[in-house]
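Please look over the sequence and the model before reading on.

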Amino acid sequence: MIWSKEETLPRHKLTELQTERLKDTVARVYTNVPFYQKKFEELGITPADITSIDDIVKLPFTKKKDLRDNYPFGLFAVKKDAVVRIHSSSGTTGKPTVVGYTRADLDTWNEVMARVFTMAGVTSEDTSHNAYGYGLFTGGLGLHYGAETVGATVVPSSGGFTSRQLMLMKDFEATVLTSTPSFALHMAEAAVAEGYDIKKDFKLKCGIFGAEPTSLGLKEEVARVWGIHYCEIYGLSEIIGPGVSANCFESSDLHVFEDHFYPEIIDPKTLEVLPLGEKGELVITSLTKQAFPIIRYRTGDITSLDRTPCKCGRTHVRMKSVMGRVDDMLIVNGVNVFPSQVEHVLANIEGITLNYQIIADKKGYLDKLEIMVEVTEAMPLDSIGSLEALKKKIQHELLNNLYINAEIKLVEPRTIERSVGKAVRVIDKRNNS
């Protein structure tokens with residue numbers, strides 16, 4: 001199923017649409033946002049210099065720091081009375097980032113989210129259990145109104161209260177689960193511990209998961225334990241929220257809705273645009289946002305783009321699942337490591353779960369890496385020989401695949417603290433040493 005005809009536009013028609021929308025966006029930010037006017041002048045360009053989508057490379061980058069420096073409304077391109085909703089980040093690393101929406105922006109958001117739900121096979125006959133957080137976080141409301149747009153019944157459960165979530169999923173006969181993948185796995189563990197028969201007591205057919213980098217192994221585990229189709233969604237508040245891209249039934253790569261969001265991949269060090277297929281930092285320009293248009297936003301997410309035609313019939317470019325972030329990459333004794341790479345290695349080892357935590361510290365002048373991993377229920381903790389063999393296997397696989405030496409600490413099931421939102425995978429103590 002395909003929600004809108006824009007998803008199947010021929011490439012030349014899509015390029016024409018992108019060009020017109022980019023020209024309009026550039027003119028509006030130049031006129032209405034002093035930050036961008038100053039940036040353009042520093043580069044010696046005006047809106048007249050942007051005549052095609054290919055000219056996007058002439059435009060300045062925008063970083064998260066720019067949003068914080070212009071807190072709260074300095075990057076808005078409309079007057080306050082045109083803004084009907086405001087969302088914000090938590091601001092845990094400084095002032096929060098603030099984004100606004102006009103009524104037209106919310107219609108756009110509902111449109112792209114309807115595309116996502118349609119990709120996942122959701123219709124008006126479904127009931128969607130929404131366990132994303134509501135409030136200033138964009139996840140909850142984005143998934144909520146997207147499901148309503150396709151006519152599905154929504155249960156706005158939000159995060160936390162796992163036992164109640166399970167009860168509601170069973171009693172309300174939810175067919176769709178929307179949450180972070182780590183929380184979905186946590187709920188499955190809790191369901192088994194509370195005596196549910198997952199395959200008999202629940203009627204789930206699919207899940208829409210996102211908000212955190214996830215390995216193939218974790219996706220497969222979530223799909224397996226719940227017995228569902230796994231649909232991955234990608235988005236970020238600075239662009240619109242969830243709904244920038246999602247994967248169809250034919251591909252594990254995510255279609256970027258590039259009639260609204262134009263993607264580029266750059267080298268995060270040189271800032272040069274990279275060819276299709278090469279891995280780098282994702283940069284996105286909003287093409288239709290009214291209240292908070294953003295130019296060449298550096299997402300910090302590592303991925304690559306592919307324009308190979310998809311069997312589903314959609315013509316939009318696809319992106320690989322985000323493998324990690326530029327800023328959560330660990331450099332351990334000179335070796336670059338992403339948490340998702342560690343997760344991928346762990347996913348192929350029997351006897352352990354995908355509940356883990358990476359702890360980076362210093363031992364003298366050298367980096368020390370400890371990985372705490374929960375074993376499965378079936379693993380005998382009183383068998384010292386088995387545990388030692390398992391630790392050595394994990395160490396060997398990490399060294400063989402990622403070239404890192406790590407101390408492995410095996411712990412009992414449900415030892416590592418669970419998160420109702422994004423999983424906390426890395427604790428870096430080196431800055432405190």
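Which residues of H2 are buried? They are Phe-35, Tyr-36 and Phe-40, where buried means under 20% relative accessible area, exposed over 50% and partly exposed in between, with a 1.4 Å probe and protein chains only.

## Basis of the values

This is a predicted model, in which local features need pLDDT of at least 70 and side-chain atom pairs count only at pLDDT 80 or more, while totals for chains, interfaces and linings use all residues. Residues are numbered from 1 along each chain as its sequence is written, and side-chain values use heavy atoms, with hydrogens and water left out.

Helices (H or I, at least four residues) and strands (E, at least two) are DSSP runs, numbered from the N terminus. The buried residues of H2, Phe-35, Tyr-36 and Phe-40, lie on the same side of the helix, because they cover an arc of only 130° around the axis. The arc is that of the directions from the helix axis to the C-beta atoms. Pro-34, Lys-38 and Glu-42 are exposed on the other side of H2. The cover over the buried residues includes H1 and H3. After H2 comes Gly-44, with a positive phi near 70°.

H1 (residues 11-32) and H2 (residues 34-43) have axes that come within 5 Å and cross at roughly 105°. The two helices are therefore roughly perpendicular. Axes are lines fitted to C-alpha atoms, for helices over the stretch in contact, and angles run from 0 to 180 degrees between N-to-C directions. Angles under 35 degrees count as roughly parallel, over 145 as roughly antiparallel, 65 to 115 as roughly perpendicular and the rest as oblique. On the H1 side the contact (heavy atoms within 4.5 Å) is made by Val-26, Val-29, Tyr-30 and Asn-32. H2 contributes Pro-34, Tyr-36, Gln-37, Phe-40 and Glu-41.

## Helices H6 and H7

Thr-162, Gln-165, Leu-166 and Met-169 of H6 meet Phe-183, His-186, Met-187, Ala-190 and Ala-191 of H7.

## Nonpolar cores

A nonpolar core is a set of buried Ala, Val, Leu, Ile, Met, Phe, Trp, Tyr and Cys residues joined through side-chain atoms within 4.5 Å. The largest one has 67 residues, and Leu-59, Tyr-234 and Val-244 touch the most other members. Helix H4 (residues 103-119) supplies the largest share of this core, 8 residues. A second, separate core of 50 residues includes Ala-190, Ala-223, Trp-226 and Ile-352.

Leaving out residues up to four places away in sequence, the contacts of Tyr-234 include Pro-242, Val-244, Leu-254, Leu-282, Ile-284, Met-319 and Val-322. Gly-243, Ser-245, Thr-299 and Asp-301 are also among them.

H11 (residues 384-402) has 19 residues, which at 1.5 Å a residue should span 27 Å, and its end C-alpha atoms are 27 Å apart, which agrees. The expected span is 1.5 Å times one less than the number of residues. Leu-387, Leu-390, Ile-394, Leu-398 and Leu-402 are buried in H11. They sit on the same side of H11, because they cover an arc of only 70° around the axis. An α-helix has 3.6 residues a turn, so residues three or four places apart point the same way. The face of H11 turned away from the buried side carries the exposed residues Gly-385 and Lys-392. Among the elements that cover the buried residues are S17 (335-337), H10 (339-347), S18 (352-363), S19 (366-375) and S20 (407-411). Tyr-403, which follows H11, has a positive phi near 65°.

Ile-359 lies in S18 and counts as buried because its relative accessibility is 13%. Apart from neighbours within four places in sequence, Ile-359 is in contact with Lys-368, Leu-369, Glu-370, Ile-427 and Lys-429. Its C-alpha atom is separated by 43 Å from that of Phe-40, 319 residues away along the chain.

## Backbone details in loops

Tyr-71 and Pro-72 are joined by a cis peptide bond with omega about -5°. Pro-72 lies in the loop between H3 (64-69) and S1 (85-88).

Ser-158, although not a glycine, has a positive phi of about 65°, and lies in the loop between S4 (153-155) and H6. Ala-211 has a positive phi near 85° and is found in the loop between S6 (206-209) and H9 (216-226). Ala-211 counts as partly exposed because its relative accessibility is 30%.
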